[in-house]
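Here is a short briefing on one protein model. Look at the sequence and the structure first, then read the points below.

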Amino acid sequence: MINEHYKAMLGGKSVIRSLSEYATARGAEIGYDNVYDYSLGNPSVPCPPAYTDATMALYRDADPVALHGYSPSLGIPSVRKAIADSLDRRFGMDYTADHIFPTTGAAGALAHALRCVTAPGDEVITFAPYFPEYQPYVAGCGARLTVVPADTDTFQINFNAFEQAMNPAVTAVLINTPNNPSGAVYSAATLERLAAVLTAKQAEYGHDIFLISDEPYREIVFDGGTQPYPSRYYDNTLSCYSWSKSLSLPGERIGYVAVNPRATDAELIVPMCGQISRGTGHNCPASSVQLAVAQVVDMTSDLSVYETNMNLLYDALTGIGFDVVRPGGTFYIFPKALEDDATAFCMKAKEYDLILVPSDSFGVPGHFRMAYCIDTEKVKRSIPVLERFAHEVYG
Ligand code: PLP
């Protein structure tokens, strides 16, 4: 008999993926240029030439047996060191190679980090709006995900609701900043207050509470700002990173877990990740991808198009009369829909070939997400369509 749990999951397909598939099918009918597809967070700018050059040089010059050989189960030592050195330089940390575990993107990083600090039945807290895949990530560990309601005025943390939600079953708190879908960048004040609550609760409950910090958008911050590094604020932090967005490499599946050297049992966590890999069949990212990324560890793609697109959309949406918090980073914007039912709103937008994602699966009602990692020219062409949609349907 096949597994009932996974069979049941087939009925709960990702809304984002379904909309993206619809947009592709609609594009085959009317030309993809005419579909304003804001569904998927797939980067629209190329990776830096230095990454391609590094890959080509490896394929051309490296010993093929070594290059395509098995990675050590905790990752290639020189790659782990390059990552640790980069984080230490950029964020004033004191990681060594032993604190770094290379993974297949942020999804792989989160799968390991969550398993390291939760047991079946434990509770993980996250904050709305949140990345919908957190549901299967947490369920896959046998833990429960509790979602703290959003502060929709700022999309920083709603601390009153957070403190009410805290209880002794919570072993991990999962944050994502810069945030998908709101674009909010948690401020230093937010991270300080979060650390203070977690420190107090650890003392009150008499056990560790780990902060799992999901950071694939770390470098996509607007107005010349930067994302304060969460692990600087709280020692029991596991940082989960991915080059999917910053280097535009989502298909290469490369990221890492970085364990704060002062976390409880810090020296055990990376070796434990190796044991988790054995059971899940993860077995490290491709050796060639680890080696190539280590050569461009401080670089990003040219990310400026995302800020250009954000400003165009923010001005257009506010001009039309949408209520919207200006994103501080990412390539998402999360306006309030023009009716309470976000799904109905997005269905009506579809009639105008505007592909918008309703907010319900992000844990917030009455909003929608636009992923503006698309050509600026298309963003500009979508603005009169958004205006027409809003005026014809909502007056
Ligand atoms: N976390 C967030 C907030 C994301 O938006 C994504 C991807 O869109 C992921 C994790 C997964 O990233 P990756 O593709 O690197 O596994």
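**Briefing**

Helix 5 passes helix 11 in a left-handed crossing, where left-handed means that the near helix is turned anticlockwise from the far one by less than a right angle, and right-handed means clockwise. This is a predicted model: local features need pLDDT of at least 70, side-chain atom pairs count only at pLDDT 80 or more, and totals for chains, interfaces and linings use all residues. Residues are numbered from 1 along each chain as its sequence is written. Helices (H or I, at least four residues) and strands (E, at least two) are DSSP runs, numbered from the N terminus.

**Helix 5 and helix 11**

- The axes of helix 5 (residues 77–91) and helix 11 (residues 287–294) come within 9 Å and cross at roughly 35°. Axes are lines fitted to C-alpha atoms, for helices over the stretch in contact, and angles run from 0 to 180 degrees between N-to-C directions.
- Ser78, Val79 and Ala82 of helix 5 meet Gln290, Leu291 and Ala294 of helix 11. Two residues are in contact if their C-beta atoms, placed from the backbone, lie within 7 Å.
- By type, the residues of this contact are four nonpolar, two polar and no charged. Ala, Val, Leu, Ile, Met, Phe, Trp, Tyr, Cys and Pro count as nonpolar, Asp, Glu, Lys and Arg as charged, and the others, Gly among them, as polar.
- Seven of the eight residues of helix 11 are buried, so helix 11 is largely enclosed by the rest of the structure. A residue is buried if 20 or more other C-beta atoms lie within 10 Å of its own, exposed if 12 or fewer, and partly exposed in between; C-beta atoms are placed from the backbone.
- The cover over the buried residues of helix 11 includes helix 3 (49–61), helix 4 (64–67), helix 5 and strand 2 (100–103).

- Seven strands form an open sheet in the order 2-8-7-6-5-3-4, with mixed pairing. Two strands pair if DSSP finds at least two bridges between them.
- Strand 2 and strand 4 are the edge strands, each pairing on one side only.
- Neighbouring strands of this sheet are turned by 20° against each other on average, direction ignored.
- Strand 3 pairs with strand 4 (residues 144–148) in the parallel sense over five bridges. Phe127 stands opposite Val148 in strand 4.
- Strand 3 also pairs with strand 5 (residues 170–176), parallel, over four bridges. Ile125 stands opposite Val173 in strand 5.
- Four of the five residues of strand 3 (residues 123–127) are buried, so strand 3 is largely enclosed by the rest of the structure.
- Helix 10 (residues 266–280) lies across strand 2 and strand 8 (255–259), running at about 155° to strand 8.

- Three strands form an open sheet in the order 9-12-11, with antiparallel pairing. Its edge strands are strand 9 (332–333) and strand 11 (357–358).
- Two bridges join strand 11 to strand 12 (residues 368–371). Val357 has Arg369 in strand 12 as its bridge partner.

**Domains**

- The domain assignment, automatic or from a database, gives domain 1 (4–47 + 302–394) and domain 2 (71–294). Their C-alpha centres lie 26 Å apart.
- 26 residues of domain 1 are in contact with 29 residues of domain 2.
- Helix 12 gives the most to the side of domain 1 that touches domain 2, with three residues.
- That side of domain 1 divides into 15 nonpolar, nine polar and two charged residues.
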